[in-house]
Amino acid sequence: MKNRIRHRIPPDSLRDKAEELFDKGFRLALVAAHDDGGGALRVVYLFLAGQPDRRVEVECVVAPGSPEVPSLAYMSFPASRFEREMADLYGIRPGGHPHPRRLVRHAHWPQDWYPMRKDAGRPPQFESRGRFPFVTVEGTGVYEIPVGPVHAGLIEPGHFRFSVVGETVLRLKGRLWFVHRGVEKLFEGTPITGGVALAERISGDTSAGHALAHSLAVEDAAGVALPDQAHRLRALLVELERLYNHAADLGALANDVSFGIANTHALRIRERLLRINAEVTGHRLLRGAIRPGGIVLRTLPDPAVLREIAADLAEVADLTLRNNVVYDRFAGTSVLSAEDAQSLGCLGYAARASGVRTDARVDHPTTELPVTEVGATTGDVLARYAVRRDEFAASVDLACALIESHRGPTEYQEPLEDHTGVSSGVGIVEGWRGTIVHRVEVDADNTFTRAKIVDPSWFNWPALPVAMADTIVPDFPLTNKSFNLSYAGNDL
């Protein structure tokens, strides 16, 4: 259990402990409810801090019959959402929560059915009615524009409700979880060597990131340590994943302001990167290479080719921002302040573009990497574009350093069969959207009893409506793309 301190405390001591950890600079990264059978419920809170890597778990056993824990919502916005999720899926109430309305379960879900409970059984008949309690903004000239959940493009469902005057957005509310898939439930009873394929499909564009976070969690639980070179090869795959996604987004942002030529070239670059992925791992999305205890690569990329691609993309980005119309649409649009980003718990490039320093490669490293941290301060669409442009260049430099320093095989596998006893593990990875955290619990039969997954989109979705305040309706597609959040990573 790498750098992980565990405390089991009574629920009435939770708030004091949380306040102590927040005062020391920790953030709440994960809240995992557990049903241990026979009515026994407990909640695990994972707090993280970096430089140096620190991990603290606080565990509370919940009284059976009337399960409740004191709410931490008054000191942490992410905590308020974790608590609402826990209430929906486990029926554990957050005592004192200011707004304990549903989060995951839509109104047509049965009132007293908690699908993550061991005795949940098959779902009962769902209701055919019910409304989400959107806040109605009233005033002269105010009207609503509903968008989704079914969209014109081939994207996943999400509902957005705009309260506007003219074209000015007064308030935006998003509603997700239209495709809640029960992913965490699917891990239960799976052998510890058999869950990586499911992890790769949590959010398809982050297959390597989630596979690595899952594998690190399993290895932490099993007490398995891989050699440094194996960790460096895994880090290489996460950088390759960062490259093809950033390239696609830089083009898509240009396309959203009708600069289609930049999008065409960005997609050309993305295709080159996907073909490199296929050569390195046998899969364009990097699946099948990272697994608990191991890594398997077919070959290593050519650093000269990656540097050529980096120069190509830098030219496309330069041409994009030298277009006056594009620059004008990007600059000053949908600003997310550093204070708001910090309060919401934002991660990844969305946070870094607002001046919030966050990078799990530095804060929670598995190996020493020559990471160049990239950031901005203005928090607008331009900053989110520029951060990804600069991260692309930094990621190529890191990938080339990993390739050129590699010595030895490109395949490693440590056995996991020797693991015995009940244990838990945590895996932390800086995916291309931000920090991914997986926590698993394993029984004596080497099977999962619980897997909790937090994609960075969970933290960043609430920032989108905040950034849209006082903008105009036509800026929504551009702003949405500048965050580019995962529905699948959120709607587990």
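**View 1. The two assigned domains of the predicted model.** In this predicted model, the domain assignment of the protein gives domain 1, which covers residues 4–95, and domain 2, which covers residues 192–454. The C-alpha centres of domain 1 and domain 2 are 28 Å apart. Where the two domains meet, 26 residues of domain 1 are in contact with 21 residues of domain 2.

View 2. Rolling a probe the size of a water molecule over the atoms shows where empty space is left. For this structure the count comes to six cavities of 30 Å³ or more, and the largest cavity holds about 190 Å³ of space. Its lining is made up of 17 residues, and those that lie nearest the centre of the largest cavity are L212, A235, R361, T366 and L369. At least two residues of this lining come from each of the helices α5 (207–222), α6 (228–255) and α12 (360–363), and from the strand β13 (423–430). Which element gives the most to the lining of the largest cavity? That element is α6, with five residues. Sorted by class, the lining of the largest cavity has nine nonpolar residues, together with four polar and four charged ones.

**View 3. The largest pocket and the helices around it.** The largest pocket has a volume of about 890 Å³, and 36 residues line it, of which L154, I155, D249, K481 and N484 lie nearest its centre. The elements that give two or more residues to this lining are the helices α6, α7 (260–281), α16 (476–483) and α17 (487–490). The largest share of the lining of the largest pocket, six residues, is again supplied by α6, the helix that also gives the most to the lining of the largest cavity. When the residues lining the largest pocket are divided by class, 17 are nonpolar, ten are polar and nine are charged.

View 4. About 660 Å³ of space lies in the second largest pocket, which is lined by 29 residues, with F77, R84, R101, K173 and P462 lying nearest its centre. The helix α2 (77–90), the strand β9 (168–175) and the helix α15 (463–468) each supply at least two residues of this lining. How many residues does β9 give to the lining of the second largest pocket? The strand β9 gives five residues, which is the largest share. By class, the lining of the second largest pocket divides into 18 nonpolar, four polar and seven charged residues.

**View 5. The open sheet that contains β9.** Strands of a sheet pair through backbone hydrogen bonds, and the pairing can be either parallel or antiparallel. Here an open sheet of three strands has the order β7-β8-β9, and its pairing is antiparallel. The strands β7 (142–147) and β9 stand at the edges with a single partner strand each, so one side of each is left without a neighbour in the sheet. Ignoring direction, neighbouring strands of this sheet are turned by 20° against each other on average.

**View 6. The pairing of β7 with β8.** Six bridges join β7 to the strand β8, residues 159–165, and the two strands run antiparallel. Which residue of β8 stands opposite V147? The residue opposite V147 is F160.

Technical notes: Residues are numbered from 1 along each chain as its sequence is written. This is a predicted model: local features need pLDDT of at least 70, side-chain atom pairs count only at pLDDT 80 or more; totals for chains, interfaces and linings use all residues. Side-chain values use heavy atoms; hydrogens and water are left out. On a 1 Å grid over the protein atoms alone, a cavity is a set of points where a 1.4 Å probe fits but cannot get out, and a pocket is an open set with protein on both sides within 12 Å along at least five of seven lines; lining residues have an atom within 4 Å of a point. Grid points are joined across faces, edges and corners, and a volume is the space filled by probe spheres set on the points. Helices (H or I, at least four residues) and strands (E, at least two) are DSSP runs, numbered from the N terminus. Ala, Val, Leu, Ile, Met, Phe, Trp, Tyr, Cys and Pro count as nonpolar, Asp, Glu, Lys and Arg as charged, and the others, Gly among them, as polar. Two strands pair if DSSP finds at least two bridges between them. Axes are lines fitted to C-alpha atoms, for helices over the stretch in contact, and angles run from 0 to 180 degrees between N-to-C directions. Domain bounds come from an automatic or database domain assignment. Contact means heavy atoms within 4.5 Å.
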